[in-house]
There are 2 protein chains.
Amino acid sequence: MEAIKSTRKIEMVQLAASLFRKKGYFATSMRDLANHLGIEAASLYSHIRNKEELLENICFRLGAELLESLDRIESGSLTYSQQLEFAIQSHLAVITRSPDEAQVFLLEYKHLTEPRLSAFIKMRKEYELRFRIILRQGMQQGEFRRADEKMVTLTLLSALNSTPTWFRSDKGMNAEQVSAVLTDLLIQGLASPATPVFSTINPSL
Amino acid sequence: MEAIKSTRKIEMVQLAASLFRKKGYFATSMRDLANHLGIEAASLYSHIRNKEELLENICFRLGAELLESLDRIESGSLTYSQQLEFAIQSHLAVITRSPDEAQVFLLEYKHLTEPRLSAFIKMRKEYELRFRIILRQGMQQGEFRRADEKMVTLTLLSALNSTPTWFRSDKGMNAEQVSAVLTDLLIQGLASPATPVFSTINPSL
DNA sequence: TAAACTACCTAACGTTCGTTAGCAAATTAT
DNA sequence: ATAATTTGCTAACGAACGTTAGGTAGTTTA
């Protein structure tokens with residue numbers, strides 16, 4: 001959990017994020033990583049203690065960023081609707097800024113070993129809980145549709161977290177435009193405002 | 001792509017799905033699998049050709065199920081809103097019935113090697129496209145809010161695909177209840193119908 | 001200018017991996 | 001009754017893995 005000093009180490013962590021995302025943690029060998037840097041595998045160990053340190057750096061740095069972004073929102077005096085809007089937008093800002101790291105954070109964290117795995121899960125649960133509390137309070141105030149809290153929280157976060165799979169910052173929309181459209185979609189729904197044609201009653205399959 | 005005959009092989013594929021989901025494809029060894037079945041690793045090869053065959057079976061069987069479920073919907077004479085409702089519900093039915101397989105289908109497919117990987121990606125793209133066409137037509141008809149097609153499709157599917165991470169069929173809601181609530185959430189949105197308090201304009205961060 | 005540090009190297013280690021060969025017992029089909 | 005199939009075993013293979021030991025230039029610090 002110490003600060004990263006050397007620029008070479010930063011390179012390694014960023015490259016690791018890219019490879020871990022594309023191929024998966026276990027499918028990425030230290031020799032893979034080294035080859036992409038133009039060095040030998042053993043040379044990596046001048047900069048890092050072991051492979052897991054790379055994963056650890058990625059996962060915990062992104063987790064800290066996400067938690068920080070919630071701090072700012074909760075400390076202000078906003079309505080729950082505004083809090084949710086900001087939370088969505090800052091969540092998207094973090095993960096679109098670091099798409100590789102975000103995907104590793106979301107999918108590869110499970111390859112952490114104890115005690116780091118438990119610490120990570122605790123951190124992630126805290127983030128989900130704070131998101132969930134905003135939703136709960138908004139539901140209680142009548143600002144949000146009332147529904148199963150856990151379901152809504154995880155569905156919402158999953159929708160947000162899928163952004164790096166299709167979003168490329170270099171073409172089409174920029175991150176803020178995505179944020180605005182996605183916020184609108186999730187909050188207002190897919191149905192056209194003019195014509196509420198959906199039955200909302202599910203026919204049996 | 002041939003039919004599975006032996007029941008022992010079915011056991012193996014199901015167990016593999018469970019382990020691949022929990023630990024990942026590469027982190028699951030043939031010795032892991034064998035131990036859970038109470039046999040030696042080499043004995044697995046009386047039933048399967050190699051490790052990848054397990055992954056192949058999981059991914060392609062689920063893909064076929066999902067595509068079939070769309071066939072039925074497209075063939076009927078339904079409005080696009082109804083088609084979407086049915087598509088959401090049958091998608092959820094498939095993935096809640098096979099949550100382990102679904103997570104492997106979604107996350108571990110990338111460990112397939114060619115030519116299976118390309119075939120899988122083609123299958124998955126076809127499924128996404130057919131989902132997308134329903135959305136496109138619904139937007140053109142004015143039944144759905146107009147927004148970036150690709151974004152809406154992938155966000156919607158990601159929201160649906162997160163269901164196995166929190167849904168346990170044995171407690172709380174059953175699959176059909178989840179389906180109804182989730183359909184409503186995605187189509188009508190999170191905002192309370194009574195009070196449209198959201199600005200839908202994003203403040204800068 | 002000497003000491004310390006950075007950034008890499010070669011060589012090799014012990015371990016685990018997926019898989020094969022060859023065999024044996026039990027069950028099922030003819 | 002016998003042939004075929006199913007289901008498992010032991011032993012072992014070559015390859016790939018993460019990592020360590022020990023060394024060497026070049027660069028920075030004291």
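This is a predicted model: local features need pLDDT of at least 70, side-chain atom pairs count only at pLDDT 80 or more; totals for chains, interfaces and linings use all residues.
Residues are numbered from 1 along each chain as its sequence is written, chains are lettered from A in the order in which they are written, and local features need pLDDT of at least 70. Side-chain atom pairs count only at pLDDT 80 or more, while totals for chains, interfaces and linings use all residues.

Begin with DNA strand C and select the 15 residues around it, near meaning a C-beta atom, placed from the backbone, within 6 Å of the strand. A:Glu40, A:Ala42, B:Ser29, B:Ala42 and B:Asn50 come nearest. This surface comprises six nonpolar, five polar and four charged residues; Ala, Val, Leu, Ile, Met, Phe, Trp, Tyr, Cys and Pro count as nonpolar, Asp, Glu, Lys and Arg as charged, and the others, Gly among them, as polar.

Next, select DNA strand D. Of the 16 residues around it, the nearest are A:Ser29, A:Ala42, A:Asn50, B:Ile39 and B:Ala42.

Then display the contact between the chains (C-beta atoms, placed from the backbone, within 7 Å). Chain A contributes 49 residues and chain B 50. The side of chain B that touches chain A divides into 23 nonpolar, 19 polar and eight charged residues.

Finally, select A:Ile58. Leaving aside its neighbours within four places in sequence, A:Ile58 is in contact with A:Val13, A:Ala16, A:Ala17, A:Glu101, A:Val104 and A:Phe105.

How values were computed. Two residues are in contact if their C-beta atoms, placed from the backbone, lie within 7 Å.
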